[in-house]
Amino acid sequence: MLTRPSSRRPLDALPRTADDQAMAEVTPLPLSGSVFFDRRDARRSMRVSWHAESKVFVISMWRDDVCIASFPLAADEAARFVHTVVRSLAGDDPVTIGQDSVTRSHSG
């Protein structure tokens, strides 16, 4: 037999933890950042925004006006991210594993 707890509290009266804090205001376009549109589907885009108060870049994936995924990239990791992009554009084709970056060789 199931019994009910004697003291009932509304759910919003429960103590908050780090994972359920209020979300920041969602803006249609980043106040500080860029928007990149998917060439394959005009409804999809990637937004990169800088949040100085927490020293983090937020990379978010959007479909129409709905955020479908986001990734917080700490400022101290941004240099490695940019380095990977630049080396790839230069033809070095880096493969990043954890904190290490290696160059993949192409066999012809």
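**Close-up views of a predicted model**

**Figure 1. The whole chain.** Read along the sequence, the elements run β-β-β-β-α-β-β. The model is predicted. The chain has one helix and six strands. Of its 108 residues, 13% count as buried.

**Figure 2. Helix 1 spans residues 75–89.** Helix 1 holds 15 residues. From first C-alpha to last it reaches 22 Å, close to the 21 Å expected at 1.5 Å a residue. Just after helix 1 comes Gly91, with a positive phi of about 95°.

Figure 3. In general, an α-helix has 3.6 residues a turn, so residues three or four places apart point the same way. Glu77 is partly exposed, at 22% relative accessible area. Arg80 is also partly exposed, at 26%.

**Figure 4. A nonpolar patch lies on the surface.** Its members are Phe81, Val82, Val85, Val86 and Leu89. Together they have about 490 Å² of accessible area. Phe81 belongs to helix 1. Its relative accessible area is 44%, so Phe81 counts as partly exposed.

**Figure 5. Asp38, Arg40 and Arg44 form a salt-bridge network.** Asp38 and Arg40 meet through their side chains at 2.8 Å, N to O. Asp38 is buried, at 16% relative accessible area. Arg40 is exposed, at 71%. Across the model, the count comes to four salt bridges.

**Figure 6. Asp64 and Arg43 bridge distant parts of the chain.** Their side chains meet in a salt bridge of 3.0 Å, N to O. Asp64 sits in the loop between strand 3 (56–63) and strand 4 (66–74). Arg43 sits in the loop between strand 1 (33–37) and strand 2 (44–51). The two residues are 21 residues apart. Asp64 is partly exposed, at 40% relative accessibility. Arg43 is partly exposed, at 44%.

**Figure 7. Trp50 and Phe57 make a tilted aromatic pair.** The model has one aromatic pair. The ring centres of Trp50 and Phe57 lie 4.6 Å apart, with 50° between the planes. Trp50 is partly exposed, at 31% relative accessibility. Phe57 is partly exposed, at 27%.

**Figure 8. Arg47 lies over the face of Trp62.** Arg47 is 3.8 Å from the ring centre of Trp62.

Note on methods
Residues numbered from 1 in each chain as written. Predicted model: local features only at pLDDT ≥ 70, side-chain atom pairs only at ≥ 80, totals over all residues. Heavy atoms only, no water. Patch = residues over 30% accessible without salt bridge, like charges linked within 9 Å, V, L, I, M, F, W, Y side chains within 5 Å. Areas by Shrake-Rupley, 256 points an atom, 1.4 Å probe, with all protein chains shown as cover. Helix = DSSP H or I, 4+ residues; strand = E, 2+ residues; numbered from the N terminus. Buried < 20%, exposed > 50% of the residue type's maximum accessible area, 1.4 Å probe, protein only. Expected span 1.5 Å × (residues − 1). Phe/Tyr/Trp six-rings, centres within 6.5 Å; stacked < 30°, edge-to-face > 60°. Lys NZ or Arg CZ within 6 Å of the ring centre and 35° of its normal.
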